[in-house]
Amino acid sequence: MITTVTLNAAIDKTYYLPSFPLGKVSRVQRFNAAPGGKGINVAKVVAQLGVPVTATGFVGGMNGEIIKQQLTRMGIAHDFVSVEGESRICLNILDEEHGTSTELLEPGPTVSEAALEEMKQRIRDLALRSQIVCLSGSLPAGAPKDYYVELVQIAKESGAYVILDASGDALRHGIEAKPHMIKPNEEEVAALLDIEVADEEALRNAVETLLHKYEMERISVSLGGAGSLTAVKDGCYRVTTPKVEVVNTVGCGDSFVAGMAVSLASKLSLEDGLAMASAAGTSNAMTEQAGQIDPAVFEQLRKQVQMVRL
Ligand code: TA6
């Protein structure tokens, strides 16, 4: 089983607008809403790839109920900790004329000390039954900046392979607990080492430095449409995916993590894992909703992924 952790779960709402003029009234003709937040997106893609998954995290209020109901409807097991307040709405406005995506992310509820403790126990229990634990996304208000340190440690002690996909302070602290894998972007790599990353050669050096410093097993850096760079103990892989018609890039990173988690749970080789992760990320970009892939497209892309061992 794979467990995904979303400490600030959301309803991801996407508005499709022919254009989005600032300072004007826009009437929304078409939209969709789905359970979201990074870990929940991972869970949705893991489920679509046919591997059992349980989604946990904090949810609150009516939005929290909707998130749970929708996951149940999708056939995704969940085991959330309920908190006071209302789970957030994350809005993505797609301007079809300019091809832009504007995200507005609410802060979400403030989490109490008791709920933070309950979550630790929940992760301990789930991790004991899981091969992989994916901790994804921002920390809610009320959680200490180093909360991921404790969660990564707990999941590792329970014997799970831990993937941490966070940014900023949450990631800076979280890597101190040495998760098995992280998936930062270029800016996050630079920020973690407090350096400038001028080109891909510099990025590769920086990623290898991080991997050894924090004794991690894998670091995958997403490079958007340009693919990804993955460092492991004995080398680096540069992966490219075919050019595709992009519909919505929100959730591509989460889909990449899902592919990687599924490949690890299925004991696939690193090369097959990279193909699976990259195909899931690219397939997500071609669909309207975050955390969604088209199985046929995914299978086709999986064969088209190219990789070079550097
Ligand atoms: O990766 C996209 C996304 O997962 C959206 O679904 C949205 O809910 C957001 O990220 C949340 O990210 P955050 O880092 O604030 O937890």
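Reading a predicted chain, from one histidine outward

Visitor: Which backbone atom lies 2.8 Å from a polar atom of the side chain of histidine 180?

Guide: In this predicted model, that atom is the backbone nitrogen of valine 162.

Visitor: Is histidine 180 buried or exposed?

Guide: A residue is called buried when its relative accessible area is under 20%. The value for histidine 180 is 17%, so this residue is buried.

Visitor: Which residues are in contact with histidine 180, leaving aside its neighbours within four places in sequence?

Guide: One group consists of Lys156, Ala160, Tyr161 and Val162, and the list also includes Met216, Glu217 and Arg218.

Visitor: Where does aspartate 194 lie, between which helices?

Guide: Its place is the loop between helix 6 (186-193) and helix 7 (200-213). Residues over 50% relative accessibility are called exposed; aspartate 194, at 70%, therefore counts as exposed.

Visitor: What is the phi of lysine 267?

Guide: Lysine 267, again not a glycine, has a positive phi of about 55°. This lysine sits in the loop between helix 8 (252-265) and helix 9 (270-285). Its relative accessibility is 68%, so lysine 267 counts as exposed.

Visitor: Let us turn to the whole chain. How many helices and strands does the chain have?

Guide: There are ten helices and 15 strands. The radius of gyration is 18 Å, close to the 19 Å that the globule rule gives for 310 residues, so the chain is as compact as a globular protein of that length. Along its principal axes, the C-alpha trace spans about 50 × 45 × 40 Å.

Visitor: What percentage of the residues in the chain is buried?

Guide: Buried residues account for 54% of the 310. The accessible surface of the chain is about 13,500 Å², and carbon and sulfur atoms contribute 50% of that area.

Visitor: How many positive and negative side chains does the chain have?

Guide: The chain carries 28 positive and 39 negative side chains, with the centres of the two sets 3 Å apart.

Notes: Residues are numbered from 1 along each chain as its sequence is written. This is a predicted model: local features need pLDDT of at least 70, side-chain atom pairs count only at pLDDT 80 or more; totals for chains, interfaces and linings use all residues. Side-chain values use heavy atoms; hydrogens and water are left out. Helices (H or I, at least four residues) and strands (E, at least two) are DSSP runs, numbered from the N terminus. The radius of gyration is taken over C-alpha atoms; the globule rule is 2.2 Å times the number of residues to the power 0.38. Buried means under 20% relative accessible area, exposed over 50%, partly exposed in between (1.4 Å probe, protein chains only). Accessible areas come from the Shrake-Rupley method with a 1.4 Å probe; for residues, only the protein chains shown count as cover. Lys and Arg count as positive and Asp and Glu as negative; His and the chain ends are not counted. The place of a charge is taken as NZ of Lys, CZ of Arg, CG of Asp or CD of Glu. A polar contact is a pair of N or O atoms within 3.5 Å; within protein, one must be able to donate a hydrogen and the other to accept it, and residues adjacent in sequence count only if both atoms are side-chain atoms. Contact means heavy atoms within 4.5 Å.
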